[in-house]
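Visitor: I am new to this structure. Please show it to me, and then let us go through some questions.

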Amino acid sequence: MTSEELSKLGIELPGAWFTITGSVKGLKDSTQVFLASMSDGKNLAQGWALNGKFKLHGQVEHEGLCVISFTGYNGFLTLFMANDSIAITGDADYVGALTIKGTALEDDFVEYRKGFDAESVRLSELLQLINAAPEGTKKNSLKAEYKKIVLVQADTFLIKKPASPIACFVLFTVAGLLDTLSELEERFDKILPDAKKGMYAELIKRKVNENKVNPVGTMASDFTQNDSTGKPVSLHSLKGRYVLIHFWAGWSKQCKDEISKLVPLYEQYNKRKFSIIGISLDSERDIWLKAVAENKMTWLQVSDLKYWDNEVAHLYKIESIPQNILVGPDGKILDKNLTPAQLETKLALLRK
């Protein structure tokens, strides 16, 4: 996430700096060394090798996965880091196997990865089978097996290392596989207080707290807002259908990525009592309508063009986008913030 996105979420950035010193046997002089974030590919630091040694200095916005690469050498080194002092040693012929020392973050990350190494072949096979399988019982069964393996490994680590500085990162990475926010909260509660720090902890807290307002199982708060023609549209008017209340904006790239996956789901299930009502947090009508057209969003769209002050967003305490709420035919909230894949699983029940 960028510093601007973190600032909007009220997450403070660290004030320290990182220093990475390397001593790598066989590393050619004048080899350029790069450190980049895995989340967005942003270059964080770069330097040059001399006598097999190099030094990188800079600041990361939050703890997370990064990669170190060397020009002229195959492969790269993956590490989990924050603003710490780190030492890297090893042989230039084995870039991916260089040794990283100096941080508990990396030590625990290595231990976490070991659990997946034994399952890597099966997970890879499952991904290939899932991608090749047509929609149906077989594909759902493969997804369930994949999910079980991943969650077992994550839960094993969380039970063994509840005080680990990467515990929240581990939980955040598997959160999308959990069926309910209650399951997320249950796991989060078992992480020790000292480990509940940093960006991933804050994101989990916010996600858990989402269920405190308009919780799953309660009646969705009704609202009325105008569509692009000025016609008022209410949530109540869609009673009797499954409705996805979708908060988005034309200026958000993350929303665009999600919408591209919602379009085929809407086309597939719209005739099976499934509707989407988009709540745009745009402030300019032209940008809103252009985004609707470009993204081929043929479902209901409403907005009061008040940006973050959108009245429906305030009603549902929306502080970031994209977000969504799935409402059942009886008007009760069934789930929140489903990924397109999770929504697809839910909608598959409509076939019955």
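Guide: A term comes before the questions: axes are lines fitted to C-alpha atoms, for helices over the stretch in contact, and angles run from 0 to 180 degrees between N-to-C directions. The model is a predicted one.

Visitor: Are α3 and α4 roughly parallel or roughly antiparallel to each other?

Guide: Helix α3 covers residues 120-132 and helix α4 covers residues 137-160. They pack with their axes 9 Å apart, at an angle of about 155 degrees. Angles over 145 degrees count as roughly antiparallel. The relation of α3 and α4 is therefore roughly antiparallel.

Visitor: How many residues of the contact of α3 with α4 are charged?

Guide: On the α3 side, the residues are R122, L123, L126, L127, L129 and I130. They meet K139, L142, K143, E145, Y146, I149 and V150 in α4. Nine of the contact residues are nonpolar and none is polar, while the number of charged ones is four.

Visitor: Which strands stand at the edges of the open sheet of five strands?

Guide: The order in this sheet is β13-β12-β11-β14-β15, and the pairing is mixed. An edge strand here has a single partner strand, so one side of it is left without a neighbour in the sheet. The strands at the edges are β13 (300-302) and β15 (333-336).

Visitor: Which residue in β15 stands opposite I325?

Guide: Strand β14 spans residues 323-327. β14 and β15 pair in the antiparallel sense, over three bridges. Opposite I325 stands K336.

Visitor: At about what angle does helix α8 run to β11?

Guide: Helix α8 (residues 253-269) lies across β11, β12 and β14. Its angle to β11 is about 160 degrees.

Note on methods:
Residues numbered from 1 in each chain as written. Predicted model: local features only at pLDDT ≥ 70, side-chain atom pairs only at ≥ 80, totals over all residues. Heavy atoms only, no water. Helix = DSSP H or I, 4+ residues; strand = E, 2+ residues; numbered from the N terminus. Parallel < 35°, antiparallel > 145°, perpendicular 65-115°, else oblique. Contact = heavy atoms within 4.5 Å. Nonpolar A, V, L, I, M, F, W, Y, C, P; charged D, E, K, R; others polar. Pairing = 2+ DSSP bridges.
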